[in-house]
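Open the model in your viewer and keep the selection tool ready. Each stop of this tour names something to select and then says what is there.

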Amino acid sequence: MKNKLILTSLLLIVTGSITAFAQKKVTVVKQVIEKYHIPKTEIISLSPNSKSTNPSGETEIFIKKFDLEYNAKGELISVMTYHLENDMPTYPFTFYVEMDNTQQIKDISLGTDTSTYKLEYNDNLLDTFTYANINFRESKTSRYTYNKKLLPSHISISTIPESPTPTEISLEYNDKRNLIKETYQNESTEYTYDNKQYPFYYLPYGYTVSNLLSSESLMFTNYIQQNNVIKSENTKFIYSIDYTYNQNHLPISARITSVDKNNKDKARLLYEYEFVYMEINASITK
């Protein structure tokens, strides 16, 4: 009888270890390539040794890449950002993300001793997000308020020592849980979306490589953007984004143009983006 109980216990342990996790194929972003178009008349020795990739045109193109890395659970653990000059990577910059067992961010690190991030949660929702730079002796703390659908509806940002008065941001969403209006210091930005999948839909928190693709105010909150911004408009500019998609309805390229409301006849190409995807086998809990 004793041996039978031991055998049963061993079977339960083994069975539990086999059935507790399953492999799931997930399509994730492997790399993002950003091409920033700057009119040559506006360049002030931004990169004096670089060669123009468009020497006969009116703009200089600066290329930046984002390389993303994931762990066995399919969680984003690092993003390395670097510029290309003469086809060589320069100015590398990496941030690291550490997740806990509840898919909350445990820590964010820049790989340096000069900057720190601190995230505090309340009822599984991000309550405060604090960035501090030791060298400059400054810090910025964002405090979040949520609506009935548990989406961030208000952000209060305090900066020390720059501004003793907090910056207030209010946010509104549509039925698909996409941000449609962001009001910042009495100025609003309104967003329009397509019906395709946002590239970073699989992350458990909000993420973007550009404030024109998704609001940076909602980075690392529980806001998971569903679709892609095709138009954003504020008091001064209208931004339009044209995408091409793959067979899985994910963007593989984006072109962002802007129009000054005071000169609507002239559109300016600002950015071009390329999204490179890969499939990973992520371990998920059953």
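Begin with Tyr184, which stands opposite Glu187 in S12. Keep in mind that this is a predicted model.

**Stop 1: a hairpin**

Now widen the selection to residues 179–184, strand S11, and residues 187–193, strand S12. In which sense do these two strands pair, and over how many bridges? The pairing of S11 and S12 is antiparallel and runs over four bridges.

Two residues lie between S11 and S12, and one of the residues in the hairpin, Gln185, takes a positive phi near 50°.

**Stop 2: two loop residues**

Select Asn124. This residue is located in the loop that joins strand S6 (115–122) and strand S7 (125–133). Asn124 is not a glycine, yet its phi is positive, at about 65°. Is Asn124 buried or exposed? Its relative accessible area is 60%, so Asn124 counts as exposed, the cut-off being over 50%.

Move on to His249, in the loop between strand S14 (237–245) and strand S15 (251–260). His249 also has a positive phi of about 65° and is not a glycine. With a relative accessible area of 45%, His249 is partly exposed.

**Stop 3: the cavities**

How many cavities of 30 Å³ or more does the structure hold? There are two.

For the largest cavity, select Tyr198, Gly206, Tyr207, Thr208, Ser214, Ser215, Leu218, Met219, Tyr223 and Gln225, which form its lining.

For the second largest cavity, clear the selection and pick Tyr198, Pro199, Phe200, Leu213, Asn228, Tyr243 and Phe275. These residues line a space of about 30 Å³. Six residues of this lining are nonpolar, one is polar and none is charged.

Methods:
Residues numbered from 1 in each chain as written. Predicted model: local features only at pLDDT ≥ 70, side-chain atom pairs only at ≥ 80, totals over all residues. Heavy atoms only, no water. Pairing = 2+ DSSP bridges. Buried < 20%, exposed > 50% of the residue type's maximum accessible area, 1.4 Å probe, protein only. 1 Å grid on protein atoms, 1.4 Å probe; cavity = no way out; pocket = protein on both sides within 12 Å on 5 of 7 lines; lining within 4 Å. Points joined across faces, edges and corners; volume = space filled by probe spheres on them. Nonpolar A, V, L, I, M, F, W, Y, C, P; charged D, E, K, R; others polar.
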